[in-house]
Amino acid sequence: MVDYDVIIVGAGPGGSIAAKGLVEEGLNVLLLEEHNNIGLPQHCSGWISGCEYTEELIKTIPQNLIIQKVKGWRVWSPKGKKICEFEDFGFGGYFVDRVNFDRELAKQAAKKGAKIKVSSKVADLLIDHNLVKGVTINTKSGPENITADVLIGADGVRSYLSGVAKKSGIAELERKPREFFPAMQIEFVNISDIDPGIIEIFFGFDFDKNFGMAFLSPLEENLALIGFGNYKDYLKIKENHPVMSNRLKSADEIRYLGGMYCSKFGESLRTAVKNNVTLIGDAAGYHGIVPACISAHYASGVIKEAIDLEDFQHLELYDKTRKKSTIRGARLAIDIRALTDEKIENFLQVGGKEATYVMLELISKLKI
Ligand SMILES: Cc1cc2nc3c(=O)[nH]c(=O)nc-3n(C[C@H](O)[C@H](O)[C@H](O)COP(=O)(O)OP(=O)(O)OC[C@H]3O[C@@H](n4cnc5c(N)ncnc54)[C@H](O)[C@@H]3O)c2cc1C
């Protein structure tokens with residue numbers, strides 16, 4: 001007799017959406033979160049890319065969590081030339097209060113009947129004859145073993161290196177090992193020329209040598225988050241960038257957010273299933289809130305069927321389903337590191353608005 005039908009590791013958006021979906025299907029679900037506070041520490045600026053799914057998701061959360069709807073885009077070349085500005089084309093979506101968004105999704109899951117434990121880090125998997133029988137968690141009162149029929153790894157980008165993806169052996173099913181890079185965002189107040197609702201993209205490898213661009217998230221008038229590779233990159237940009245150095249002149253840094261992303265930015269794992277373990281969201285190699293939630297939906301439907309059928313092989317359907325679906329999300333369709341600032345500059349200067357559309361298409365395609 002197991003303690004739960006399903007244990008989910010990680011109460012990010014993916015984990016909470018899966019928990020809610022599974023309890024709605026009548027399953028007995030435990031959601032484990034290593035931190036004391038769901039939503040903290042915050043890694044991301046809370047931009048939810050636009051698509052049909054986003055419109056549905058946004059209706060389910062209190063409206064005060066929506067900071068604003070994205071109205072348009074402004075794009076800058078590496079040399080600081082404003083290439084164009086245009087109305088949103090459906091990909092813009094919304095900015096939300098990310099910390100309380102995560103809490104809200106977890107609350108919704110708990111209200112439906114999911115059991116949530118915070119301060120409960122999954123330290124190990126209980127493996128017997130290739131099947132994961134449960135997990136060992138470290139709690140304030142010591143280690144505890146909990147069992148379940150199915151395990152979901154929703155433990156984020158680190159899953160591949162040390163979490164469920166690694167411990168279950170799914171990570172080693174990749175043909176080539178994945179690389180990871182640090183990323184940071186700085187929140188500035190008193191930054192000039194912010195148009196709330198207009199996302200700005202600054203192309204240029206000086207912002208981030210792996211990413212080749214910076215995303216400016218306009219949160220309020222004169223308040224924005226900007227992504228950099230690291231603090232040194234930020235200092236160089238502040239000193240030398242033809243546009244940003246002026247705009248940051250009177251700005252005050254009020255918050256640093258840090259995290260990690262994979263060099264395959266958003267390209268999901270070849271397989272996200274092994275026996276009775278399923279990965280969703282960043283743990284499955286995706287990047288972004290929307291892919292985390294959508295993969296959670298796909299996984300929970302298939303898990304319910306597998307439990308009813310008492311057949312874990314049925315979980316392989318999750319891999320097939322997610323690979324067939326195409327949605328917009330944050331995925332680089334090309335490795336931008338194959339380009340240089342000079343090539344991007346020429347392309348944007350010569351191609352103008354049309355070239356910008358091509359670049360945006362490249363960053364907005366996601367094959368989930
Ligand atoms: C700098 C930066 C900015 C970003 N900005 C955006 C953005 O604006 N928009 C966007 O869509 N995406 C953004 N992202 C990506 C986004 O944060 C993720 O894609 C999204 O949070 C994935 O959701 P998830 O549920 O898969 O995982 P996560 O949100 O990472 O949640 C994983 C959870 O698992 C928990 N956990 C991990 N290990 C264990 C363990 N052993 N035991 C128990 N719990 C564990 C973690 O504490 C965490 O709560 C950004 C990422 C970075 C690094």
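1. Partly exposed here means a relative accessible area between the buried limit, under 20%, and the exposed limit, over 50%. Lys121, with a relative accessible area of 43%, is therefore partly exposed. The model is a predicted one, and the points below should be read on that basis.

2. Lys121 forms a salt bridge with Glu34, with an N to O distance of 3.4 Å. The two residues come from distant parts of the chain, 87 residues apart: Glu34 sits in the loop between S2 and S3, while Lys121 belongs to strand S9 (residues 121-128). Glu34 has 42% relative accessibility, so Glu34 also counts as partly exposed.

3. Glu33 lies in that loop too, which runs between strand S2 (29-32) and strand S3 (47-48). Glu33 is buried and has no salt bridge. For Glu33 the nearest side chain of opposite charge is that of Lys121, at 9.2 Å. What does the side chain of Glu33 reach at 3.0 Å? One such atom is the backbone nitrogen of Ala11. A polar atom of the Glu33 side chain also lies 3.0 Å from the backbone nitrogen of His35.

4. Leaving aside neighbours within four places in sequence, Glu33 is in contact with Gly10, Ala11 and Gly12, with Ile38, and with Lys117, Val118, Ser119 and Ser120.

5. The peptide bond leading from Leu40 to Pro41 is cis, its omega being near -5°.

6. The pairing of S3 with strand S7 (residues 94-96) is antiparallel and runs over two bridges. Within S7, Tyr94 is the residue opposite Ile48.

7. The salt bridge count comes to 15. One of them joins Lys59 and Glu56, at 3.1 Å from N to O. Both residues lie in helix H2 (residues 52-59), three residues apart, which is about one turn of the helix. Lys59 is exposed, with a relative accessible area of 60%, whereas Glu56, at 46% relative accessibility, is partly exposed.

8. Glu104 and Lys107 form another salt bridge, with their closest N and O atoms 3.8 Å apart. The cut-off for a salt bridge is 4 Å. Both residues are in helix H3 (residues 98-112), again three residues apart, about one turn of the helix. Is Glu104 buried or exposed? Its relative accessibility is 12%, so Glu104 counts as buried. Lys107, with a relative accessible area of 45%, is partly exposed. Elsewhere, salt bridges with shared partners join Arg74, Lys82, Glu85, Asp195, Glu200 and Arg247 into one network.

9. The largest nonpolar core has 72 residues, and the members that touch the most others are Val6, Ile7, Ile8, Leu151, Ile152, Leu279 and Ile303. Helix H8 (residues 289-309) gives the most to this core, with 10 residues. Another core, of 28 residues, lies apart from it, and includes Trp47, Ile201, Phe211 and Leu348.

10. Not counting residues up to four places away in sequence, Val6 touches Leu22, Leu27, Asn28, Val29 and Leu30, then Ala148, Val150 and Ile152, and finally Ile303 and Ile307.

11. Backbone angles deserve a check at two asparagines. Asn190 has a positive phi of about 65° although it is not a glycine. Asn190 is in the loop between strand S12 (180-189) and strand S13 (198-203), and at 40% relative accessibility Asn190 counts as partly exposed. Asn275 likewise has a positive phi, near 50°. The place of Asn275 is the loop between strand S17 (273-274) and strand S18 (277-279). Asn275 has a relative accessible area of 34%, and is therefore partly exposed.

Methods. Residues are numbered from 1 along each chain as its sequence is written. This is a predicted model: local features need pLDDT of at least 70, side-chain atom pairs count only at pLDDT 80 or more; totals for chains, interfaces and linings use all residues. Side-chain values use heavy atoms; hydrogens and water are left out. A nonpolar core is a set of buried Ala, Val, Leu, Ile, Met, Phe, Trp, Tyr and Cys residues joined through side-chain atoms within 4.5 Å. Buried means under 20% relative accessible area, exposed over 50%, partly exposed in between (1.4 Å probe, protein chains only). Helices (H or I, at least four residues) and strands (E, at least two) are DSSP runs, numbered from the N terminus. Contact means heavy atoms within 4.5 Å. Lys and Arg count as positive and Asp and Glu as negative; His and the chain ends are not counted. A polar contact is a pair of N or O atoms within 3.5 Å; within protein, one must be able to donate a hydrogen and the other to accept it, and residues adjacent in sequence count only if both atoms are side-chain atoms. Two strands pair if DSSP finds at least two bridges between them.
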